[in-house]
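Work through the exercises below on charged side-chain pairs. Each task is followed by a solution in steps.

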Amino acid sequence: MVTEQVKIAFAIALSIISVPFYPVLAQQQSGILENQNQVNASRDRPPKGTATEGGGLGDSSASCNNTGQRLTALVPRNLEQRLTTEEYPTFWFYLPYSSQEIESSEFSLHERDEKLIYRTSFKPSKTPGIIGIRLPAVPKYALQPNQYYHWYLVIKCQQKTPNQRVAVDEWVQRVPLTPESEVKMNAGNPEIWYDALSRLAEQRLSNSENEQLKRDWMNLLTSAELDSTDLEAMGKIPVVEVIQLVDNG
């Protein structure tokens, strides 16, 4: 009888000790998997580009004028916001040079492994100011869902110094459009940056004096933490044109 009672007591004690072990182990395994997923996501993301002129793409001391203002890509500091739902998105820049100070401009789009998709030359006509550069709506240039793309803008200055240029580069990833993301973009949410910026920039282009649009624009730029030394000044720069790029054949 005593032996039987000891066995029962031992079994009860073992069950009490064992109950919390499995949830703890599950939590540990979940944490390991979550950390591994974060590592994999980090490896999957491309490196940060150069949103302001220099950075090895051009002479960091070069400029097309003496104002000290820099060619700047309007992209957020947060890599996870550099998204679009569009097959043929528009890319936005602050171009501080007049057309007379620019000899030529070149935009190119590449796959993640730097395989060239599209390259073209153009000359802005209404700078200085903020400009949009829109991909041609041709299927062979369409961004594919969930893929990363690397783009470059190179400006060759109209100066006596040969081959003087300034350049910026950055990344974009296309993601599916959902009802939730549509609502967020209409509300000016910067999570899908390229689309939110394009919608607001095009509104400013057609209605530059609207005070609410000015505030919304400043709020959007502030949320992006742009690589700009004077964000307030950047917020006051007008949107001057959208350049529709063409198919080179």
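This is a predicted model: local features need pLDDT of at least 70, side-chain atom pairs count only at pLDDT 80 or more; totals for chains, interfaces and linings use all residues.

**Exercise 1.** State how many salt bridges the structure holds, then find the partner of Glu 225 and say which parts the pair ties together.

Solution. The structure holds 12 salt bridges. Glu 225 pairs with Arg 77, with 3.6 Å between the closest N and O atoms. This falls within the 4 Å cut-off, so the pair counts as a salt bridge. Glu 225 sits in the loop between helix 5 (211–224) and helix 6 (231–236), and Arg 77 in the loop between strand 1 (72–73) and strand 2 (83–84), so parts 148 residues apart in sequence are tied together. Glu 225 has 47% relative accessibility and counts as partly exposed. Arg 77, at 41%, also counts as partly exposed.

**Exercise 2.** Locate Glu 106 and Arg 119 and classify the accessibility of each.

Solution. The closest N and O atoms of Glu 106 and Arg 119 are 3.5 Å apart, and the two residues form a salt bridge. Glu 106 belongs to strand 4 (residues 102–111) and Arg 119 to strand 5 (residues 116–122), so the pair ties together parts 13 residues apart in sequence. Relative accessibility is 28% for Glu 106, which counts as partly exposed. For Arg 119 the value is 39%, again partly exposed.

**Exercise 3.** Are Lys 236 and Glu 232 buried or exposed, and where do they lie?

Solution. Both residues lie in helix 6, 4 residues apart, about one turn of the helix. Lys 236 and Glu 232 are both exposed.

**Exercise 4.** Which residues are linked with Lys 184 in a network of salt bridges?

Solution. The network links Lys 184 with Glu 180 and Glu 191.

How values were computed: Residues are numbered from 1 along each chain as its sequence is written. Side-chain values use heavy atoms; hydrogens and water are left out. A salt bridge is a side-chain nitrogen of Lys or Arg within 4 Å of a carboxyl oxygen of Asp or Glu. Helices (H or I, at least four residues) and strands (E, at least two) are DSSP runs, numbered from the N terminus. Buried means under 20% relative accessible area, exposed over 50%, partly exposed in between (1.4 Å probe, protein chains only).
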